[in-house]
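The sequence and structure come first.

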Amino acid sequence: MMDTQDAVASRIRQLCREQGITPNKLSKISGVPQATIKSILLGESKNPGTVVIKRLCDGFGITLDEFFGTEEFDALADPQTSGKQK
């Protein structure tokens, strides 16, 4: 099962593909350092902050709702209820 960190990295890759931009170009248009984007994509950044995600969204020209409003995020297990029946 995918965790939040994987879902964020996957979504960034998906948006880069859709918009035909590289992580390097994303860095330039969002103002987020290349090292930060690389760290997220490689799974080294365990918890990218909201401000970073917002800046990436601005670079992509989308809202936070559009970033997180995907099946991948909807399917994430709630750590509070994981292992419990609903």
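Phe67, Phe68 and Phe73 are linked into a cluster by ring pairs. Rings of Phe, Tyr and Trp (its six-membered ring) pair if their centres lie within 6.5 Å; planes under 30 degrees apart count as stacked, over 60 as edge-to-face and the rest as tilted. This is a predicted model, in which local features need pLDDT of at least 70 and side-chain atom pairs count only at pLDDT 80 or more, while totals for chains, interfaces and linings use all residues. Residues are numbered from 1 along each chain as its sequence is written, and side-chain values use heavy atoms, with hydrogens and water left out.

**Aromatic pairs**
- The count comes to 3 aromatic pairs.
- One of them joins Phe67 and Phe68 edge-to-face, at 5.0 Å centre to centre with 80 degrees between the planes.
- Phe68 also pairs edge-to-face with Phe73, at 4.9 Å centre to centre and 75 degrees between the planes.

**Burial of the cluster**
- Phe67 is buried, at a relative accessible area of 0% (buried means under 20%, exposed over 50%, partly exposed in between; 1.4 Å probe, protein chains only).
- Phe68 is partly exposed at 33%, whereas Phe73 is buried at 11%.

**Charge over a ring**
- Arg11 lies over the face of Phe67, 6.0 Å from the ring centre.
- The rule asks for NZ of Lys or CZ of Arg within 6 Å of the ring centre and within 35 degrees of the ring normal.

**Cysteines**
- There are 0 disulfides, counted as pairs of cysteine sulfur atoms within 2.5 Å.
- Cys16 is buried at 7% relative accessible area, and Cys57 is buried at 0%.
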